[in-house]
Amino acid sequence: MFKVLSVSRFSVIDRLHAEAVILDAQFPALSRDKFQFGTVIPLAGQSLGSPFTPSVEAIALTSQLRATHLHQPHWTTYDIPGSGVKAGNWFDCDVEPGAVKAVGRFLGFQDPDAFCFGRGLSDNLALLLTGFYRPKLDTHNKIAFLGNEFGSDQQVFASVVRNKQQTFADAGLPAKPETDLLLKLKADSQGIYSEDDICAAIKANAKDIAVIVLSEIVFNTGQRLNIQKIMDGIKDVVRENNIIVGLDLAHVVGNRPTHLEAYGVHFAVGCSYKFTSQDAGNPFGWYIRPDITAADASFLQGWKAIQSDKAFGTISSMAEPQNLHQNGAKLARISNPAPQSIVGEQVFMDHLVNKVGIEAYVAQSERLTTFLLQGLKALLGDRLQLITPEEPERRGATLCFKIDGVDVGKLEHFLKDHHGIEVDTRPPVMRVMAHGLYNTFHDVSRLLTGIFDFLAANNL
Ligand SMILES: Cc1ncc(COP(=O)(O)O)c(C=O)c1O
């Protein structure tokens, strides 16, 4: 039997359905027809998303170039039909100008020297930190990061500081425990960070810190940190202490545009398989502030760090230093990414930025997120324990929450099996995201109906 409260839940669900119909008519999904869906609709935030057809086609076309043009594609570029992206020049496909420009508009930088496509997020984090983290013996030898940061990032921080233990051994010092070299910035009991507290902790420990790595949108709470406020708050200590600041943009790329140049951070890394619908392991790329030179860091390099027009002239020897790239992201190039591994991301970013437009995307994403948030509140009332901050500027499109008395793991399976909706749970937390390019208001009302049915079926 339903509880008395359920009577009002019925009317809430009816109202939400009706609103979804109106909203879908008024604000139709921006690019739903370009995504491929099976029987389950993703509302999953951090998961892989559905294939984006223009990316799938561009990957196939890029593979075909070898068949039709043999060696020729090494030197020439070919239009990917309908996109501002060219493929085929394998030696410089990672800095394809149209695609770098599109990414620059989303990430907030203009200088093409600042970005290269390629490699996984952890690869880039490890490689860039290996270059930037140059610990001193007594001071400036810690990496500071969000205390609840994604485990893979924490693994990278630990392995980078282990890797530099030789610095201390060379000085005849005992090995430093990792815990002495890693500084965790604290969140509150819900995992939410205060920008003021982060600034205070950095100022208090400035003499110890070599590198700071922050996530702009935090994976387990959906909180968006005000990076500008943090950078403004710490700019003096960062300058005085030569501290390097980097950003993990895993949950920003394809979610919310950002402003790297304005922030003034030294580097950033990102991920292509969350909100830009690429396959797991497909690269995004890395950003290095274009005024950074080889003297500022010790990056590992391969032949791709050689200026492209000089690389083949020195194929049997090592490049002279003057023939290496002198600044920005190309300082950290090592090998060739497969063109097929990055062209899908390039075409996605071109679509998002140049075809749909960043403003239109954000507006639609906000409408969907607001509808989701209001629907959850109306349906769940006091049982909803929202973790993500509500204000649009303090979050992206991901909402993280708990439901009092509900096993969200079981709810996740119920939603998939009975309502064809996929969410993401890390019990006791559920994470949901309505994507501004492919989800509809109807998808959101299906999710809410599924939650309603689960509560009713379990007499909750
Ligand atoms: C915040 C964050 N950092 C790092 C990673 C790892 O990314 P990759 O597998 O590309 O190294 C993820 C993946 O989910 C992530 O969410």
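**Close-up views of a predicted model**

**View 1. Helices α14 and α15 pack at an angle of about 115°.** In this predicted model, α14 spans residues 408-419 and α15 spans residues 441-457. Their axes lie 10 Å apart. Because of that angle, α14 counts as roughly perpendicular to α15; the class runs from 65 to 115 degrees. The crossing of α14 past α15 is right-handed.

**View 2. Side by side: the residues where α14 meets α15.** From α14 come Leu411, Phe414, Leu415, His418 and His419. From α15 come Arg446, Leu447, Thr449, Gly450, Ile451, Asp453 and Phe454. What classes of residue make up the contact of α14 with α15? Six are nonpolar, four polar and two charged. Leu411 and Phe414 of α14 are among the residues in this contact, as are Ile451 and Phe454 of α15.

**View 3. The chain is divided into domain 1 and domain 2.** Domain 1 is made of two stretches, 9-30 and 357-457. Domain 2 covers 77-355. The centres of the domains, taken over C-alpha atoms, are separated by 32 Å.

**View 4. Domain 1 is in contact with domain 2.** How many residues does each domain bring to the contact? Domain 1 brings 15 and domain 2 brings 18. On the domain 1 side, the elements that give two or more residues are α13 (358-380) and β12 (398-403). By class, this side of domain 1 has eight nonpolar, four polar and three charged residues.

Definitions and conventions. Residues numbered from 1 in each chain as written. Predicted model: local features only at pLDDT ≥ 70, side-chain atom pairs only at ≥ 80, totals over all residues. Axes fitted to C-alpha atoms, helices over the stretch in contact; angles between N-to-C directions. Helix = DSSP H or I, 4+ residues; strand = E, 2+ residues; numbered from the N terminus. Parallel < 35°, antiparallel > 145°, perpendicular 65-115°, else oblique. Left-handed = near helix turned anticlockwise from the far one by under 90°. Contact = placed C-beta atoms within 7 Å. Nonpolar A, V, L, I, M, F, W, Y, C, P; charged D, E, K, R; others polar. Domains from an automatic or database assignment.
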